[in-house]
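Hello,

Here is the structure we talked about. Please open it first, then read the notes below.

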Amino acid sequence: MHPVEFIREKRDGKAHRPEAIEAWIRAIVRDEVPDYQVAAWLMAVFFQGMTREETFALTEAMAHSGEVLDLSQLGPTVDKHSSGGVGDKASLVVAPILAAAGAVVAKMSGRGLAHTGGTIDKLESIPGFRTELSKEEFFRLAREVGLVIAAQSADLAPADGKLYALRDVTATVESEPLIASSIMSKKLAAGARAIALDVKVGKGAFLKTLEAARSLAELMVEIGERAGRRVAAVLSQMDQPLGRAVGNAIEVQEAIRTLAGEGPEDLTELSLALAAEGLRLVGIPEERAREALESGAALAKFRQFVAAQGGDPRVVDEPERLSLAPGVAEVRANADGVVAELDAYRVGLAVLRLGGGREKKGEPIDHGVGVYLEKKIGDPVREGELLARVYHREKGLSEALALLRDAYQIGAGAEPPPLVLEVVRAP
Ligand code: URA
């Protein structure tokens, strides 16, 4: 179909045929369609939506737009994916728990996006750690260690790379069929048998309401199951950051402390919930998740994984070896009361301004900058008391401090919001 006809069909609210979607994605990957036509189509999808059949066809076409990994020789492979959050280092905790409990985690991860962090950036704050792995090395480490995490190869679902870059600059990210196909195409191409999804809801997430997150989760579970994978989704709260550390090195420190049993409660709870879902999907008893954490087996697995990918394993016993930026600024309470709000979006943006994330694709980042939240929602505070510590160099400090001051609202009383809101499983 001619691009103009294809765009018109969606503009007028009609459903595309699966073969037409496949041809469209193929043409996009071959650079046969100019960006302005792809952008116009994305906006039409944003407003008109897609049927479930169209979304399945779009996901399959994107998943097959490049290489599709076959992990079937590796045993019970489990992948984990978050829809994107602030302070979300759960992959660093969940992956070793899964591997220590008997699953195989051979995972491709991404870098930070906008105000949200990425697992690969975090891992690269470990001295020597390598995330660019050849395919041979990726499979060898999966077999030898049971846990390997590599930077997502450009050959995996390349259609998503192109579509995402255009969505990012045309205000078309927040569309259910586009988010579902983007996430699930990458997961299908990455080849794991089971996928535990963490769908974030709230101020720091792409989806702001529980209804929207539930609907997206149900769609992604259905897409995965139709493609022959086992999928479950945990819906989790992202009004305030997860844990207390936000940044790169500082989040790895917190993940290691959590694996050592000394982490914040919310991160521990969410990591165990996600690991339990992943294990259940491949027939391993869910209790193994907690056992792997409490016995120290998950921490030992993490140490083995760091060493196998060239990182300095001493950081696992002494997380303070991961160096933070030398400047330390403080944010203090301007009133007595209780922390009523701690806006995850503003905290994420503060770390971005300090240089901990990228304003533009491909920019270098500063792994040492970050924020440590001494107080979170529900904590009582006195005027002048420390709310957050900011690790910084020259860049962006005054803006980051202003964002953090705005992120905290001190009120009369507040309960910490529930963290795990729901779990969506296949019927
Ligand atoms: N994460 C993705 O990979 N894609 C989206 O569209 C949103 C979050």
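**The ligand site**

Helix α9 contributes the most to the shell around the ligand, with four residues. Keep in mind that this is a predicted model.

Two helices stand out in that shell. α8 (158-169) and α9 (176-190) each provide at least two of its residues. The residues surrounding the ligand are Ser83, Tyr164, Arg167, Ile179, Ser182, Ile183, Lys186 and Phe206. Sorted by class, the shell has four nonpolar, two polar and two charged residues.

Where does the ligand sit? The space it takes is the largest pocket.

- Lys186: a polar side-chain atom is 2.5 Å from an oxygen atom of the ligand.
- Ser182: an N or O atom of the side chain lies 2.7 Å from a nitrogen atom of the ligand.
- Arg167: an N or O atom of the side chain lies 2.9 Å from an oxygen atom of the ligand.

How much of the ligand does the protein bury? On its own, the ligand exposes 230 Å², and the protein buries 94% of that.

**Salt bridges**

The count comes to 43 salt bridges. One of them joins the side chains of Glu144 and Arg140, at 3.1 Å from N to O. Both residues belong to helix α7 (residues 135-145). They are separated by about one helical turn because they are four residues apart in that helix.

Best wishes

Technical notes
Residues are numbered from 1 along each chain as its sequence is written. This is a predicted model: local features need pLDDT of at least 70, side-chain atom pairs count only at pLDDT 80 or more; totals for chains, interfaces and linings use all residues. Side-chain values use heavy atoms; hydrogens and water are left out. A residue is near a molecule or strand if one of its heavy atoms lies within 4 Å of it. A polar contact is a pair of N or O atoms within 3.5 Å; within protein, one must be able to donate a hydrogen and the other to accept it, and residues adjacent in sequence count only if both atoms are side-chain atoms. Accessible areas come from the Shrake-Rupley method with a 1.4 Å probe; for residues, only the protein chains shown count as cover. On a 1 Å grid over the protein atoms alone, a cavity is a set of points where a 1.4 Å probe fits but cannot get out, and a pocket is an open set with protein on both sides within 12 Å along at least five of seven lines; lining residues have an atom within 4 Å of a point. A molecule sits in a cavity or pocket if more than half of its atoms lie within 2 Å of its grid points. Ala, Val, Leu, Ile, Met, Phe, Trp, Tyr, Cys and Pro count as nonpolar, Asp, Glu, Lys and Arg as charged, and the others, Gly among them, as polar. A salt bridge is a side-chain nitrogen of Lys or Arg within 4 Å of a carboxyl oxygen of Asp or Glu.
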